Amino acid sequence: MPRDASNETRWAASIAVIGLGGSSLALPDDMVPGPRWLVPIVILALLIPAIVAHRRGNHRADMVLGYAISVIVTLALTASLASLLRLVGSRTAHELLRSASILWITNILVFALWYWRLDAGGPHLRESRAAHTAGAFFFPQMMDSAPNVDPRWSPRFVDYLFLSFCTSTAFSPTDTPVLSRWAKLLTMVQALISLLCVAVLASKAIGSL
């Protein structure tokens with residue numbers, strides 16, 4: 001992957017991480033694990049050295065910090081979702097709509113980060129290869145008959161973001177088959193979380209009729 005593409009992918013992922021930290025600021029206090037400032041501060045404390053490590057070429061430190069960030073935002077999402085389900089009967093339709101929508105978007109970003117970080121050995125290994133020919137996901141650009149595709153094509157963060165969005169929207173990948181077992185498990189978990197968020201909204205909507 002060209003250097004500018006690598007930087008574009010890295011900055012897109014960093015923006016997504018910052019968005020995940022900001023999502024905890026938008027949720028009600030009783031749906032946020034710990035103090036409201038805890039998750040954003042921890043994410044920033046890990047993201048800054050991860051960016052520095054990436055720029056210095058310390059890929060191992062970058063990878064370890066990246067995994068730590070992904071684990072933290074996944075745990076925060078799980079805790080917030082559990083709180084949403086527990087409090088569904090004591091919230092107004094507006095509060096539930098807002099909270100469930102935030103968690104639905106958070107779910108997309110969290111799993112996009114996991115797919116981007118785990119597929120084909122992670123972003124560093126993908127960037128070191130001449131082309132992306134194998135991985136946990138079979139992107140349409142990987143087909144021999146795909147038109148107008150650069151032979152050096154490799155998936156960027158936006159490709160995994162689109163995959164994650166489709167999984168949360170349609171409860172399954174659309175144009176990108178899932179090949180590996182770990183990826184199938186992750187997409188199942190993501191679809192389940194999305195379904196729970198939608199179920200909360202639907203139950204409140206039906207209850208208000």
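These are my notebook entries on what I looked up in this predicted model.

**Ground rules**

I number residues from 1 along each chain as its sequence is written, and my side-chain values use heavy atoms, with hydrogens and water left out. As the model is predicted, I ask for pLDDT of at least 70 for local features and 80 or more for side-chain atom pairs, while totals for chains, interfaces and linings use all residues.

**Confidence**

I checked pLDDT (the predictor's confidence in each residue, from 0 to 100) before anything else. The protein chain averages 85, and 91% of the residues score at least 70. Helices here are DSSP runs (H or I, at least four residues), numbered from the N terminus.

**Salt bridges**

How many salt bridges does the whole structure hold? My search found 1 (the cut-off is a side-chain nitrogen of Lys or Arg within 4 Å of a carboxyl oxygen of Asp or Glu). It joins the side chains of aspartate 29 and arginine 36, at 2.2 Å from N to O. I then looked up accessibility (buried is under 20% relative accessible area, exposed over 50%, partly exposed in between, with a 1.4 Å probe and protein chains only). Aspartate 29 is exposed at 58%, and arginine 36 is partly exposed at 26%.

**Helix 2 on helix 3**

Next I went through helix packing. Axes are lines fitted to C-alpha atoms, for helices over the stretch in contact, and angles run from 0 to 180 degrees between N-to-C directions. Helix 2 (residues 38-55) and helix 3 (residues 59-86) have axes that come within 8 Å and cross at roughly 160 degrees. That makes the two roughly antiparallel (under 35 degrees is roughly parallel, over 145 roughly antiparallel, 65 to 115 roughly perpendicular, the rest oblique). I have their crossing down as left-handed (the near helix is turned anticlockwise from the far one by less than a right angle; clockwise would be right-handed). For contact I use heavy atoms within 4.5 Å. On the helix 2 side the contact includes Val39, Val42, Ile43, Leu46 and Leu47. Helix 3 brings Leu65, Ile69, Ile72 and Val73, among others.

**Helix 3 on helix 4**

Helix 3 also packs on helix 4: their axes come within 10 Å and cross at roughly 155 degrees. These two are therefore roughly antiparallel to each other, and helix 3 passes helix 4 in a left-handed crossing.

**Helix 4 on helix 6**

Parallel, antiparallel or oblique? Helix 4 and helix 6 pack at about 135 degrees, with their axes 8 Å apart. That makes helix 4 oblique to helix 6, and the crossing is right-handed.

**Loops**

I stopped at alanine 120, in the loop between helix 4 (93-118) and helix 5 (123-128). Its phi is near 55 degrees, a positive value in a residue other than glycine. Is alanine 120 buried or exposed? It counts as buried, at 14%.

Alanine 134 is in the loop between helix 5 and helix 6, and is exposed at 51%. Leaving aside neighbours within four places in sequence, alanine 134 is in contact with Ala120 and Met142.

Phenylalanine 138 lies in the loop between helix 5 and helix 6 and is partly exposed at 29%. Not counting residues up to four places away, phenylalanine 138 touches Met143, Asp175, Thr176, Pro177 and Leu179.

Last, serine 172, in the loop between helix 6 and helix 7 (181-207). Serine 172 is partly exposed at 31%, and its C-alpha is 14 Å from that of phenylalanine 138, 34 residues away along the chain. Beyond four places in sequence, serine 172 touches Cys166 and Thr167.
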